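Please consider the sequence and coordinates shown here before reading on.

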Amino acid sequence: MKTTQAAFPTTRLRRPRRSPAIRALVAENTLTPADLIWPLFVRDGEGIEEPVPSMPGVIRRSVDKVVEAAQEAHALGIPAICLFPYTGNANRTSDCAEAWNPDNLSNRATRAVKAAVPDIAIMTDVALDPYSDTGHDGFVVDGKIINDETVDALVKQALSQADAGVDIIGPSDMMDGRIGAIRAALEAAGHHDVMLLSYAAKYASAFYGPFRDAVGASGALKGDKKTYQMNPANTDEALRCVARDLSEGADMVMVKPGMPYLDICRRVKDEFAAPTFAYQVSGEYAMIQAAAQQGWIDGDRAMMESLMAFKRAGCDGVLSYFAPLAARMMNGS
Ligand code: PBG
């Protein structure tokens with residue numbers, strides 16, 4: 001695109017910045033609660049709301065409290081929540097069998113939310129890390145993350161989530177071939193309308209640190225995830241991952257982390273024109289909250305600016321721990 005521009009003073013680019021009304025009129029992007037997916041941490045028990053120290057303002061909730069959060073989200077106009085189980089050590093085994101237990105925490109929360117708030121969309125995470133004694137997203141044999149056996153387990157996990165009633169399954173494991181395998185299994189089981197939001201371009205990132213605290217995985221993880229999550233040096237590879245996942249049956253794709261990877265969001269949106277999401281991950285959230293707590297930045301403004309950046313980069317929506325806070329600001333409440 002070429003824009004030709006008359007010279008000053010015919011053109012004064014400050015004219016459209018003059019007043020709130022004019023600025024609103026010419027705004028290229030908008031942010032609404034409908035752009036948000038709210039990730040929620042689920043724990044066992046009842047009536048429990050337990051703060052996550054490394055994520056100020058974020059709490060782990062028992063299932064009954066997750067239902068209340070889903071009601072809150074729905075009232076705010078947030079269309080979807082994303083469930084992450086906090087499993088602790090008791091359910092972490094080498095066979096990861098809890099991952100496809102129909103009565104595991106994630107599936108119980110799904111059924112409870114579906115019964116109470118049928119109109120909110122529920123997304124869940126497919127990966128073995130909450131259930132594994134190694135903290136890895138796949139099975140580990142002789143120090144290696146084994147791909148194909150892991151995919152078989154992920155398929156079982158995804159089917160149990162679909163049976164529990166989720167709307168959107170989010171494979172975050174980065175194994176090869178999992179989207180195709182999960183899609184085929186969902187079709188065979190009659191789950192024709194369950195969507196796949198693939199964590200297609202997921203980087204091996206230091207910004208996941210607080211999340212691993214939140215789900216109880218930081219102590220468990222041995223080594224790093226660099227043999228399956230992407231190298232932050234790469235961008236062409238992200239396009240290959242997205243192309244592959246779309247061809248295998250992903251309905252939507254995600255870039256993760258978010259703000260340090262806005263260039264990837266833009267390339268993915270331009271190249272594929274598919275529904276594109278970014279995950280503003282735990283470390284991004286924690287940085288803004290920590291600086292705000294210190295009085296070093298205006299937290300509310302930094303939050304809204306960070307979320308708008310995703311829209312500007314071409315994203316259709318954002319997974320963000322700020323979702324309820326941001327939605328309340330957008331709604332003026
Ligand atoms: C695990 C998973 C992670 C996140 C979402 N799913 C962590 C990881 O890959 O180690 C990170 C989310 C966040 O940091 O907010 N499959």
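Strands are DSSP runs of E with at least two residues, and they are numbered from the N terminus. The model discussed here is predicted. D142 lies in the loop that connects β6 (140-141) with β7 (144-145).

**Positive phi outside glycine**

D142 has a positive phi, near 50°, and is a residue other than glycine. Its relative accessibility is 78%, and because exposed means over 50%, D142 counts as exposed. A273 is not a glycine either, yet it has a positive phi of about 50°. A273 is found in the loop between α8 and β11 (276-280). With a relative accessible area of 61%, A273 is likewise exposed.

| Residues joined | Peptide bond | Omega |
|---|---|---|
| F8 and P9 | cis | about 10° |
| K256 and P257 | cis | about -5° |

P9 is placed in the segment before α1. P257, by contrast, belongs to the loop between β10 (252-256) and α8 (262-272).

**Surface charge**

Which residues gather in a patch of positive charge on the surface? The patch is formed by R12, R14, R15 and R17. Of these, R14 is located in the segment before α1 (20-26). Is R14 buried or exposed? R14 has a relative accessible area of 68% and is therefore exposed. The segment before α1 accordingly holds both P9 and R14.

Notes: Residues are numbered from 1 along each chain as its sequence is written. This is a predicted model: local features need pLDDT of at least 70, side-chain atom pairs count only at pLDDT 80 or more; totals for chains, interfaces and linings use all residues. Side-chain values use heavy atoms; hydrogens and water are left out. Patches are made of residues with over 30% relative accessible area and no salt bridge: like charges are joined within 9 Å, nonpolar side chains (Val, Leu, Ile, Met, Phe, Trp, Tyr) within 5 Å. Accessible areas come from the Shrake-Rupley method with a 1.4 Å probe; for residues, only the protein chains shown count as cover. A salt bridge is a side-chain nitrogen of Lys or Arg within 4 Å of a carboxyl oxygen of Asp or Glu. Lys and Arg count as positive and Asp and Glu as negative; His and the chain ends are not counted. The place of a charge is taken as NZ of Lys, CZ of Arg, CG of Asp or CD of Glu. Helices (H or I, at least four residues) and strands (E, at least two) are DSSP runs, numbered from the N terminus. Buried means under 20% relative accessible area, exposed over 50%, partly exposed in between (1.4 Å probe, protein chains only).
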